[in-house]
Amino acid sequence: MVNGSAMSDDLTAMCDLCLGEGAEGDGVLEVDTAAADSALRAWRAKAGADPHALFHLTSGARPVKWRVRHHSCGTGPRFAYTIAVERIRSWTAAVDWSIHLTDKTFLAATDWFDLLDRALHPRRAAVSGILPRIPRDLSGGPVGDT
Ligand SMILES: [Zn+2]
């Protein structure tokens, strides 16, 4: 179950096009699945049929970026997987989406985990994507702390 609005608003979506905040109902987090499929095909042609895990480690492999876009900031890719911004407003929802997305073949060719990593580690100074509403401890620390 992915339920955004009932959960606390600890995440906020920043538009990749205008860097403005996405409010309920006015935007999506999306990825171009046709681009991801073709990136995966190109990589498989080079690396062989083996799965997901090695994609990001292969030099020359370019993960397809998840982007936040206000509906009013342009049109999305023709083939896209989209998540309404109001449905990814909490860490719980982000984890829920991660679980939901694991069986999607295009996921491996996208920067989904990097998107979450940027949200978790604000010192990487991301200005768009999914970000914590209240930044976490800026000093960082081992994975899983705080
Ligand atoms: Zn925008």
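Let's start at strand 1 and strand 2 (residues 21-22), which run antiparallel and are joined by 2 bridges; strands here are DSSP runs of E with at least two residues, helices are H or I runs of at least four, and both are numbered from the N terminus. Two strands count as paired if DSSP finds at least two bridges between them. One of these bridges links M14 with E21 in strand 2. The two strands form a hairpin with 6 residues between them, and L19 in the turn has a positive phi of about 60 degrees.

A word on the model: it is predicted, so local features need pLDDT of at least 70 and side-chain atom pairs count only at pLDDT 80 or more, while totals for chains, interfaces and linings use all residues. Residues are numbered from 1 along each chain as its sequence is written.

Strand 1 (residues 11-14) has a covered face, L11 and A13, and an uncovered one, T12 and M14. Strand 1 also runs antiparallel to strand 6 (residues 129-132), with 4 bridges joining them; there, L11 has P132 as its bridge partner.

Now to the open sheet: 3 strands lie in the order 4-3-5 with antiparallel pairing. Its edges are strand 4 (67-70) and strand 5 (80-84), each pairing on one side only. From one strand to the next, the twist averages 35 degrees, an angle taken between N-to-C directions on a scale from 0 to 180 degrees, with axes fitted to C-alpha atoms. Strand 3 (residues 27-32) is joined to strand 5 by 5 bridges, and E30 has T82 as its partner in strand 5.

| Strand pair | Bridges |
|---|---|
| strand 1 and strand 2 | 2 bridges |
| strand 1 and strand 6 | 4 bridges |
| strand 3 and strand 5 | 5 bridges |

What about the interior? Buried residues (20 or more other C-beta atoms within 10 Å of their own, with C-beta atoms placed from the backbone) make up 25% of the 146 residues.

Leaving aside neighbours within four places in sequence, L29 is in contact with A13, W66, V68, I83, V85, I88 and I130, contact being C-beta atoms within 7 Å.

Definitions and conventions. A residue is buried if 20 or more other C-beta atoms lie within 10 Å of its own, exposed if 12 or fewer, and partly exposed in between; C-beta atoms are placed from the backbone. Two residues are in contact if their C-beta atoms, placed from the backbone, lie within 7 Å.
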